[in-house]
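Open the model in a viewer and keep the selection panel at hand. The stops below go from backbone features to charged pairs and end with a view of a whole chain.

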Amino acid sequence: MNSTNDAKELIRILEKSFDIKDFTTPKKNEISIVVEQNNLPTILTYLKDKGWKQLSLITCVDWIKENKFELVYVLFNWSNGTTFVAKTKIERENPEYMSIIDIFPGAKYYERDIHEFFGVKFEGNLDSEKPLFLELWDDKPPMRKDFDPLEYSKRKFPDRKYDVEVSKNAVKDAIKEGEINERT
Amino acid sequence: MNIFEEDLNDTITFWEKIKNIFRGKSLWMLHYCTGCGAVELPPTMTARFDMERLGMGPMATPRQADVLLITGYLSVKTLRRVIYTYEQMMTPKYLVGFGSCTINGGIYYDSYAVINRLDYYLPVDLYVAGCMPRPEAIMNTFKTLENMITKGEANGWKKYVENYDWYRNNQIRSLGEVYVKDEFHE
């Protein structure tokens, strides 16, 4: 069975009913499409029926200049070893999207994860706003590109104060006594 | 050990010294691995370096352990559990920080989830430098810790009791609140 021919056939069927903006095969045995946000759940249902039964991952990309979030759904087909990647873009301000736990129940935890790290709300997933990894988080979601981890770390976790002059003098003394060599 | 006339007369000091020698000779280490430094412990425990010849052994529960090892980076989520664990341990208790992450944050100095210095939250008796320290360095640390305990210099647990307010304020500042939320037992 040739999976590349299969993929082209599949894409042709999908294109008949849906508006597919981009179709690529980044790697062998990998198909990637970009779709409208309203079509995505239907496409995922269709793909699950065609053999992409495992949801490997849902993740999110922050395109801060476009002011968009991109949701990436990765599916895997165990019968021919093909990965299917479906992407869609949503608004960055008050991001909200529909949950796919009815199609893939395992999406529950990925959606909680994305809510925690990007702030995307998933309608239909009752648990999506419960904290998963970050306990008592009190700032904006940390994986957004406008979040500054260094500033947060300085504010919350104080660093050790070093006396720079003392360490400089210690190095000078060591050079004088020949314990270490000065770098040329 | 030299026993002097004054020591024999001063019973508290004398018995404290005897106790310290025994404490140094049997250290039970809490088997709780917090970071990547924990990979150095299997070679230290097993045949090549054989930690047990120093009288140290792994122990599963905090209430029976003497030494708590913070092996490497410590995330905020883990720090809550570590504080609970440390407070459960019986005195005298000793805390050893492994690697540069516990000293000044190491490569996680700008992380939103990892603390920068351990002695701000819990009293550290001894640090091991390096990322990661070799098993030899760890054996050396355990030997140093043993000597410190025998001499009565490892007083982190006393410091924690005396300066509890300071430690508590620091913990609250960074963690918000020290309580462990357990979703699976709700």
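Select B:Pro92, in the loop of chain B between helix 4 (76-88) and strand 4 (94-98); helices (H or I, at least four residues) and strands (E, at least two) are DSSP runs, numbered from the N terminus. The peptide bond that leads from B:Thr91 into B:Pro92 is cis, with omega near -5°. This is a predicted model, in which local features need pLDDT of at least 70 and side-chain atom pairs count only at pLDDT 80 or more, while totals for chains, interfaces and linings use all residues. Residues are numbered from 1 along each chain as its sequence is written, chains are lettered from A and ligands numbered from 1 in the order in which they are written, and side-chain values use heavy atoms, with hydrogens and water left out.

Next, go to B:Met132, in the loop between strand 5 (126-128) and helix 6 (135-151) of chain B. Its bond to B:Cys131 is a cis peptide bond, with omega about -15°.

Stay in chain B and select B:Asp50, in the loop between helix 3 (41-45) and strand 2 (56-59). Phi of B:Asp50 is near 50°, a positive value in a residue other than glycine. Is this residue buried, partly exposed or exposed? B:Asp50 is partly exposed, with a relative accessible area of 31%; buried means under 20%, exposed over 50%, and partly exposed in between (1.4 Å probe, protein chains only).

Move to A:Leu136, in the loop between strand 7 (121-123) and helix 4 (149-156) of chain A. A:Leu136 is not glycine, yet phi is positive, near 55°. The residue is partly exposed, at 41% relative accessibility.

Now show the charged side chains. Side chains of opposite charge can pair when their charged atoms come close. A salt bridge here is a side-chain nitrogen of Lys or Arg within 4 Å of a carboxyl oxygen of Asp or Glu, and the count over all chains comes to 21.

Select A:Glu9 and A:Arg12, a salt bridge whose closest N and O atoms are 2.5 Å apart. Both residues lie in helix 1 (residues 3-17) of chain A, three residues apart, about one turn of the helix. A:Glu9 is partly exposed at 39% relative accessibility, and A:Arg12 is partly exposed at 48%.

Then select A:Lys89 and A:Glu66, whose side chains meet in a salt bridge (3.0 Å, N to O). A:Lys89 is in strand 5 (residues 82-91) and A:Glu66 in the loop between strand 3 (54-63) and strand 4 (68-77) of chain A, so the pair ties together parts that are 23 residues apart in sequence. A:Lys89 is partly exposed at 30% relative accessibility, as is A:Glu66 at 45%.

For a network, select A:Asp62, A:Arg92, A:Lys140 and A:Asp146, which are joined by salt bridges that share partners.

Finally, zoom out to chain A. How many helices and strands does chain A have? There are five helices and seven strands, in the sequence pattern α-β-β-α-β-β-β-β-α-β-α-α. The radius of gyration of chain A is 24 Å, well over the 16 Å that the globule rule gives for 184 residues, so the chain is more spread out than a compact globule. This radius is taken over C-alpha atoms, and the rule is 2.2 Å times the number of residues to the power 0.38. The C-alpha atoms of chain A fill a box of roughly 80 × 40 × 30 Å along the principal axes.
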